[in-house]
Structures are given as structure tokens and as C-alpha cells.
Amino acid sequence: MLNNPTTWHKVDLVRRRDASSPGGWAYEAHLMVLTSGYASPATKARRAAAADLNRVGGIDDNVSNLSVVSFPDTFDPADGQVHSTRVELTDAERAALEKARRKERGRKRALDRSRRATNPGQYAPSKRQQARAARRKTAGLPERHVHVPGGARAANKAGVPKQAYRRDTLSAGYRLDRARLAEAAATAAAAKDHRARRIAERIVADHGVNLTVEDCDIRTWYRLWGRALQATTPGRLIAAIGKECEKTSGRLLRASTVTTKLSQTCLCGAQVRKSLAARAHTCTSCGLVADRDMVSAALAAHVRVQNPDDPSTAGLDTVQARTTQILFSPGLQEALSSQPQRGGRPSRGRTHAAAHGPGIPGRQASARRNTPDRYRPTPNETRPANQRHKDHVGTAAHTGNTAARGGIPARELIGWHPNTG
């Protein structure tokens, strides 16, 4: 690479999070070669095999899991059988995520206490501290100095802080904890990206490079299931699958939910109305009883898109879907069989993803119980999440392959370990 005069090279100065370095940053000089990325021989062999699968599949992405169902592109049982995969978090992984959340909350509380301790003049005592001071004064006891005031930030009538947070005095321990928190967040994000790539490689290797997914706005999901999506990161998975399809000479199609209505349709073409709380698909016309996510993924494999760059041009081929249901009936029920669902329905009203105001019942009591800023901690100045455009879902079109794959009906469950790097 370096001895090729036609290849551009670049030396760039970058910085990365390092809590042990002064200021929390480590600066490095990187030599960059502006060429295509390196792919190992094993990766090239895996992608070549995936390109020769000659299969077409659909993806149903939701908050708690990701379902994939694929068929041979000829929709002939002689060329292969239906294959399904479910990606979801296990109980052990959920426990690990909850443990990581508790550790993060502890670090943020430590940052808040440190800021209040070093800037006591910018905060008022909490109602509890004021009541204790009043009792001591009534009893004739000397006034006790409050080292860490637990009340609201000193602000004007409009609620704007009298002193900007950036002008606060920050201790060395605060800066170190802030760097550690940001470094842990960056490490967790990198681990999620790595896991998403590994899962995407496995899905493409099993189901081929011709996949279709519903065009959903995940930003709406974050307003309902913010914390759940931080654990499962469906956007990362879809983005990783789209990139893997492109690297394997394929593309990932996006289909509009308005023109297809996969969640409300059966393979036989009948309309099956169901709410978000109903996780099982029961059709009274053909008698199909299966998991609703698997049925939607199977229907996505029968979506035809006129313009690959415009999801609104997608339409469901109900005739082909009904033919597939008849031809693959021996193994279709097994592949689409129901599985227990978790996290499929938001709680009533605002969820944990929304901002809670004071006085919300069911919250744990604290020293700032009656203050207006009880659920509004001071900023910890960590790096904000990068804004992600809606196109992270990926755009794609089906491409032809040259070989066929046979097999037996299969159902696969992939465990997800987002906290391992």
C-alpha cells in the first residue's frame, strides 16, 4: 500500500477517550491509506458463499427482537426450505444491562454531588434540609453548615440558571469521573457496534443478500421505548445488515408500512387486525396460528419494490404469498411457530423514555422530594449521542444469484451480548 504511488495517504491527528490521561483525552497520529478496507480470506469466502445462496428473505424489526424469515428465490421447496431466525436478549444479558445501568446511575449521582459540593452557592437547600434547619433553630441548637445542598439550582423567574453550568468550579475528581463515564459510554457503543456486525454477518450467511425490511422511523420508537431500544439497538442491527448486504453484492430493501401493512395481513391475503399488545397471529380464514413477527418477516420476503430508492413504491405480492403458504405448508408452521414475547407494548401514558415532572406517583422518595428540579439533575457534560439520520435503515434492491440452497425447516435463536467487546 505505501509503495503504491497511485494510492493516497494521509496522516491525521486524532484523539480518543482515556480517563488516565490529562484532561481525559489521549492524542495519537494515525497513518491512513485511502483505499478499500481489508477483508480476511475467511471473510471473503463467507461472503462468496452468502452471495451464492440464491435466497430471498424478510426482516421484522421491533423493540425487543428481530425476526428473519427466508425462502429460495424460486419459491420452490425443491430448491430449499423456509429458514427463520430470532435475535433477542437473554435473561443473563438483561441482568448484565441492568447492572451496567445501575453503575452508570451511580456515576452520574457522584458527578451531581461533586458539582453541588464545589458550587454550594448555586443551589438552595432541599425541603428536608430546610425543615431540619428549622427544627434546630426552634430547639436552640447552633446552625449546621450544609456541605451538599440538595435543592434546585438558583434561577431567575423564567427558570434560567443565574450562573451558566460551564462557569461552575469543577474538582479534579469530577473531571476524572466525567472522563471515566464518557469512556465507558464509548466502550459500550463500540461493543454494540461490534456485536451488531457479528449478528449481521450470521444473518446474511444464513439468509442470503436479498432482504427486505419495513421502513420504520425509529425516532418514534425512542419516544415510547427509549431505554429498551438502548439495550436492543435495532437501528444498529439494521444498519449493520444493510452494510453487510452491500459488501456481499446485495442490497437491503425498505418497504413502506402504509402500502404493505405486513403486521395486519396474513399469508393467505386476508386482513388480520390486531393491536400491538397481541403478539400472536391468528387467521380465521386459513387457520394459521403463528408468531406475528415471524409472519411479518415472511410477508416481507414477498414485497416487490418498483423503485429501490423509494419505499412508497413497495407492494405485497399476495398471490405469491398464498402460493408459498401452500407449497411450504409442511415446514412453514414450525418455522413461524410462536415464541414468548417481551417488551412489545408500552405502558400507559408516558414511559421511562419521556421526561418525568415532579409529583409523578410511584417514584422513589429523595431529599429533593418537593423541589421543582427533583428529576432534573445537573449536566455531567458527557459527550452527546451522535445524531443518526433516518437512512440508517439502509436502502437496497434485490440482485440475482447463481446457486440454490436446500435444507430442512429451521428455527434459530441468536443471543445478543451488547456489553461484551
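## A pair within helix H2

Glu-104 and Lys-108 both sit in helix H2, which spans residues 91-118. They are four residues apart, so about one helical turn separates them. In this predicted model, the two side chains form a salt bridge. Their closest N and O atoms are 3.3 Å apart.

How accessible is Glu-104? Its relative accessibility is 35%, so Glu-104 counts as partly exposed. Lys-108 has a relative accessibility of 37% and also counts as partly exposed.

Side chains of opposite charge can pair when their charged atoms come close. Arg-153 and Asp-168 form a salt bridge. Here the closest N and O atoms are 2.9 Å apart.

Where do the two partners lie? Arg-153 is in the loop between H3 and helix H4 (172-207), and Asp-168 is in the loop between H3 and H4 too. The pair therefore ties together parts that are 15 residues apart in sequence. Are these residues buried or exposed? Arg-153 is buried, and Asp-168 is buried as well.

## A link between distant parts

Asp-309 and Arg-251 meet through their side chains in a salt bridge. The N to O distance is 3.5 Å. This pair links distant parts of the chain, 58 residues apart. Asp-309 is in the loop between strand E10 (303-305) and strand E11 (314-316). Arg-251 belongs to strand E7, residues 251-256.

## The network and the total

How many salt bridges does the structure hold? The count is 18. Some residues are joined in a network of salt bridges: Arg-46, Arg-47, Arg-198, Glu-201 and Glu-244.

## A positive patch on the surface

Which residues gather in a patch of positive charge? They are Arg-128, Arg-132, Arg-135 and Arg-144, and the patch lies on the surface.

Arg-135 is one of these residues. Helix H3, residues 127-138, contains Arg-135. Why does Arg-135 count as exposed? Its relative accessibility is 54%, and exposed means over 50%.

Methods:
Residues numbered from 1 in each chain as written. Predicted model: local features only at pLDDT ≥ 70, side-chain atom pairs only at ≥ 80, totals over all residues. Heavy atoms only, no water. Patch = residues over 30% accessible without salt bridge, like charges linked within 9 Å, V, L, I, M, F, W, Y side chains within 5 Å. Areas by Shrake-Rupley, 256 points an atom, 1.4 Å probe, with all protein chains shown as cover. Salt bridge = Lys/Arg side-chain N within 4 Å of Asp/Glu carboxyl O. Lys, Arg positive; Asp, Glu negative; His and termini not counted. Charge placed at Lys NZ, Arg CZ, Asp CG, Glu CD. Helix = DSSP H or I, 4+ residues; strand = E, 2+ residues; numbered from the N terminus. Buried < 20%, exposed > 50% of the residue type's maximum accessible area, 1.4 Å probe, protein only.
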